[in-house]
Amino acid sequence: MSTDHPPSGWDSLNAPLIKQTGFREYDCRWRFPEDINLRGFVRVGMALGTQAQNLNQGCEIIVGNDFRSYSLTIKHAFVIGLIASGMKVVDIGTVISPMAYYARTRLSISCVGMVTASHNPNGWTGIKTGFAPPFTHSPEEMAQLKKIILENKEEEREGGQYTTYDGIAADYLAHLSEGNKLSRKLKVVCATGNGTASQFTPKFLQNIGAKVIHLHTDPDWTFPNYNPNPESLLMLNDMKRMVKESQADLAIGIDGDGDRLGIVDDECEEIFSDKLGLIYARQLAKKCPNSKFIVDVKSTGAFERDSVLKEFGATVEYWKTGHSYMRRKTHEAEAILGIEKSGHFYFSPPVGDGFDCGLQATLQILKILDQFPSLKLSDLKKELPKTWLSPTMSPYCGDEVKYPIITKLTDKFFHMFRKKEQILGQNIDHVLTINGIRLVLEDGSWFLLRASSNTPNLVVVCESTQSQHHLHNLFDFIRTHLNQEPEIGDFDQAI
């Protein structure tokens, strides 16, 4: 197996290519065909089937794919490998990732393999996989899968089988819509960036009684307008424009594989997903006193100080960023909701199904607005504590060096904490190292540095409790230190 250079000519069809860096912490991401070829995907299927059966997870697996020009071909190669390993494949077709997760319960099959590049640009592909609902692979399980491939431990077994189930999309939309008809016809801009969710989101909104304003909702795998990523300012600005033009109540943006949500309110202002999470948390805390919430380390520090959450006895724990970490922690902590700044929301039963879904998150904010005829989303936003939060910034840093760089920077800033050094005239209140380093100042302002789990980048976020000017100063402090590391590229965004 090659892991360095793409095979060419005869070998491009007959020699497997699987670049090791495609095995991320909790899913797989490769550029196709530069980092992995079809023979490589056959090997991945065989390895996953081998892993499932070695761990006594059964020999049945649900497989789906997102809407990209090459995803069906990749899925077929993946399925060949699964069948060769003795797995009985149930192909649910082209779906969003939450539908694949839901199919595990609907069809009583624990294992899932979803072929998707999520919100990554065209040219990327990957697999989200898991063995026990509602979880996806942990880092340990991903490492084991990688080891099976690198050590050529895939096993051929008899009994492989292929069947299809075409009804999962209809099943899931009915599951979400049941009993959730809106009492007022909210006008909703539906932005899907021409991605996979374009096929399903408008219909879901219509099913629950919303008035749909379409924004790039025709499936088009060339992504002619922008990449379907509701954390991107390109998509958010387009959503703002459409809210203004249509006088909508809000805009919802769904990412490429349907598991994330971005929001613009009736005043044409984005609500970052951690602040949206605080809106959810406040409402749930009122209904369910003493609830617990899991919040990823990229999210606002307002959760720690929020008066409403304290009034109703809610507790908050910050945790590692990433859908596998957050889903598992939310479940194990018996939290009612897990919240990620990137737009993943994990509503636990009976509110949701325990996995991240942009449609479920959309439903929950619409239900909140539906309770009060005169309530606007901007009203809920204005009730939140005022802070100044940066977008998530992603300077380039190669996969081979990003983790050592973060370790170096963590040691550097932790040394400042131990030495009681000040930053911008303030003491460092505490440091959290559960995922990179989150350094919190005495006024509650903070910054985070971590390595991206999915791309060759660092993740940089900062928040000020004082002012936009103070946020700029905090960002300049961080950038000064990052500029001292030549492996870190320029910032593609400014604040």
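## The β17–β18 pair and its sheet

Strands β17 and β18 (residues 437–441) pair in the antiparallel sense over four bridges. Pairing requires at least two DSSP bridges between two strands. Strands (E, at least two residues) and helices (H or I, at least four) are DSSP runs, numbered from the N terminus. Val-431 lies opposite Leu-439 in β18.

The model is predicted: local features need pLDDT of at least 70 and side-chain atom pairs pLDDT 80 or more, while totals for chains, interfaces and linings use all residues. Residues are numbered from 1 along each chain as its sequence is written, and side-chain values use heavy atoms, without hydrogens or water.

An open sheet of five strands runs in the order β16-β20-β19-β18-β17, with antiparallel pairing. β16 (388–389) and β17 (428–432) are at the edges, each with a single partner strand, so one side of each has no neighbour in the sheet. Helix α15 (residues 402–418) packs on this sheet and touches β17, β18, β19 (446–451) and β20 (458–464). The direction of α15 makes about 150° with that of β19.

## Helices α2 and α3

Helix α2 (residues 38–54) packs on helix α3 (residues 71–84) at an angle of about 40°, and their axes are 6 Å apart. Axes are lines fitted to C-alpha atoms, for helices over the stretch in contact; angles run from 0 to 180 degrees between N-to-C directions.

In α2, the contact residues include Phe-41, Val-42, Gly-45 and Met-46; in α3, they include Ala-77, Phe-78 and Gly-81. Contact means heavy atoms within 4.5 Å.

## Gly-81

Gly-81 belongs to helix α3. Gly-81 counts as buried at 0% relative accessibility (buried: under 20% relative accessible area, 1.4 Å probe, protein chains only). Leaving aside neighbours within four places in sequence, Gly-81 contacts Val-42, Gly-45 and Met-46. Gly-81 and Gly-45 are 36 residues apart in sequence, yet 4.2 Å apart in space, C-alpha to C-alpha.

Strand β9 (residues 250–254) pairs with β10 in the antiparallel sense over four bridges. Ile-252 stands opposite Ile-263 in β10. The two strands form a hairpin with six residues between them, and Gly-258 in the turn has a positive phi of about 80°.

β10 also pairs with strand β11 (residues 270–271), antiparallel, over two bridges. Val-264 has Glu-270 in β11 as its bridge partner. Five residues separate the strands of this hairpin, where Cys-268 takes a positive phi near 65°. From β10 (residues 261–264), Leu-261 and Ile-263 point one way, Gly-262 and Val-264 the other, and all are buried.

Conventions
Buried < 20%, exposed > 50% of the residue type's maximum accessible area, 1.4 Å probe, protein only.
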